[in-house]
Each structure stands twice: as structure tokens, then as C-alpha cells.
Amino acid sequence: MQFLTQHGLDLLTTFLGIVYLVLEYRASTWLWIVGIIMPLLDVWLYATHGLYGDAGMAVYYTLAAIYGLIVWKFGRKRGQAAHQPMPITHMKRRHYLPLCAFFLLAWGITFWLLRTQTNSTVPALDAFTNALSFIGLWALARKYIEQWWAWLIVDFISTYLYLTKGIPFKAGLYALYTAMAIAGYYKWKRMMQQQHDTLS
């Protein structure tokens with residue numbers, strides 16, 4: 001009972017995280033429903049472990065999931081027929097420079113906030129993963145295949161952070177995320193090729 005009291009929320013959000021991962025791997029719209037519920041619970045989990053950047057980011061994840069759901073359901077890309085779901089595509093090159101600039105700005109601002117306004121012991125890494133997560137979530141919402149590379153970096157660093165902060169189940173989940181980011185990239189690559197073959 002004491003174990004569940006101590007780790008219950010960690011276990012629940014870890015389970016939801018696995019469900020989310022499977023749905024993202026399959027490019028299922030249902031991932032956004034789980035993506036709304038899970039971060040709401042994560043806000044409390046992270047805040048109680050001193051990961052204030054992640055707690056704030058969980059609020060963003062909730063809002064981003066709402067945005068992602070709307071875009072996947074109603075958004076359109078060039079060449080997409082009205083009855084077709086949004087296709088998986090490569091990110092356009094013109095997005096790279098603005099995204100890099102946004103990442104550096106977000107990293108700097110988040111680091112400053114964590115350093116000056118909280119007692120975070122890992123402000124640089126916490127800010128880094130949060131800033132890169134902004135990019136990853138935006139790319140996921142637009143169904144760009146490159147979103148997987150952003151998550152690979154975020155998940156690897158997050159695994160380390162959660163281990164050092166005593167959140168073992170969440171750390172295990174992010175270790176799984178790290179491996180699945182590679183598998184997910186190749187899965188989406190095959191799906192993208194299938195889409196191309198269907199339209200050809």
C-alpha cells in the first residue's frame with residue numbers, strides 16, 4: 001500500500017505513456033486524447049519532484065494535444081484530398097532556421113526562469129528538453145516525420161533526469177520511448193512510402 005501511495009501516480013502516467021507511444025507509432029488520432037489526459041496528471045507528479053520545467057511543460061503538452069487533435073482532424077496539406085487523413089511528410093527546409101532560433105530562445109528563457117524562479121537542481125537539462133519538446137510537439141501536430149528525431153534526444157535526456165530524481169517508472173518509460181523513437185521513425189517512413197505509392 002505504501003508503494004502504491006508513493007509510486008501510484010508514476011505508475012498510472014507510465015501506463016498512459018505506453019498507450020500514447022503505441023498510438024503515436026501507429027499514427028492514430030487517439031494519441032491526442034491520451035495526450036490530453038496524461039500531462040494533466042504529470043503536472044502534479046513533476047511538481048512534487050522538483051521538476052518545475054517539466055510541470056510547466058505538461059501544461060503546454062495538454063494545450064498542444066488539443067491543437068494536435070484539431071489539426072489532425074481538420075488540417076490540410078498541399079495535395080491532400082478532402083476525404084483523406086493528413087499525410088505524413090518531411091518538414092520543409094524553410095522551417096529549419098526559424099525552429100532553431102525558436103529553440104535557442106525557448107531554451108534560454110526557460111533556463112533563466114528555472115534558475116531564478118525555482119529551486120531546480122537541473123535547470124540546463126530541464127530547460128533543454130522542454131525547449132526541444134516545443135519543436136517535437138509542433139512537428140508531430142503537423143505530421144512531419146522529423147518529429148521522431150527531436151523525441152529521440154528529449155527521451156534520452158529525460159531518462160537520465162528521471163533516474164536521478166527518483167521517478168523510476170517514468171525513467172523506464174522514457175528509456176522505452178528512446179528505443180521506440182527510432183522504430184517509430186522507420187514505421188512512419190514506411191507509411192509515408194505507402195501513401196506515396198497509393199497516390200502514384
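Modeller: The model is a predicted one. A search of the whole structure finds two cavities of 30 Å³ or more.

Colleague: What makes a space a cavity rather than a pocket?

Modeller: A 1.4 Å probe fits in a cavity but cannot get out, whereas a pocket is an open set. Both spaces were found as cavities, so the probe cannot get out of either of them.

Colleague: Which helices supply at least two residues each to the lining of the largest cavity?

Modeller: They are helix 1 (2–25), helix 2 (31–47), helix 3 (52–74), helix 5 (123–141), helix 6 (147–164) and helix 7 (168–199). Helix 2 gives the most, with six residues. By class, the lining has 17 nonpolar, one polar and four charged residues.

Colleague: How is the lining of the second largest cavity made up by class?

Modeller: That cavity holds about 80 Å³ of space. Its lining has six nonpolar, four polar and one charged residues. Asp54 is among the lining residues, and Asp counts as charged. Tyr46, Tyr61, Tyr162 and Tyr174 also line this cavity; Tyr counts as nonpolar. Helix 3, helix 5 and helix 6 are the elements that give two or more residues to this lining.

Colleague: Why is valine 59 called partly exposed?

Modeller: Its relative accessibility is 43%. Buried means under 20% and exposed means over 50%, with partly exposed in between, so valine 59 counts as partly exposed. Valine 59 lies in helix 3. Together with Leu63, Ile66, Ile70 and Phe74, Val59 forms a nonpolar patch on the surface, with about 500 Å² of accessible area in total.

Colleague: How do you know whether lysine 143 is buried or exposed?

Modeller: Its relative accessibility is 8%. Buried means under 20%, so lysine 143 counts as buried. Lysine 143 lies in the loop between helix 5 and helix 6, and it has a positive phi of about 60° although it is not a glycine.

Definitions and conventions. Residues numbered from 1 in each chain as written. Predicted model: local features only at pLDDT ≥ 70, side-chain atom pairs only at ≥ 80, totals over all residues. Heavy atoms only, no water. 1 Å grid on protein atoms, 1.4 Å probe; cavity = no way out; pocket = protein on both sides within 12 Å on 5 of 7 lines; lining within 4 Å. Points joined across faces, edges and corners; volume = space filled by probe spheres on them. Helix = DSSP H or I, 4+ residues; strand = E, 2+ residues; numbered from the N terminus. Patch = residues over 30% accessible without salt bridge, like charges linked within 9 Å, V, L, I, M, F, W, Y side chains within 5 Å. Areas by Shrake-Rupley, 256 points an atom, 1.4 Å probe, with all protein chains shown as cover. Salt bridge = Lys/Arg side-chain N within 4 Å of Asp/Glu carboxyl O. Buried < 20%, exposed > 50% of the residue type's maximum accessible area, 1.4 Å probe, protein only.
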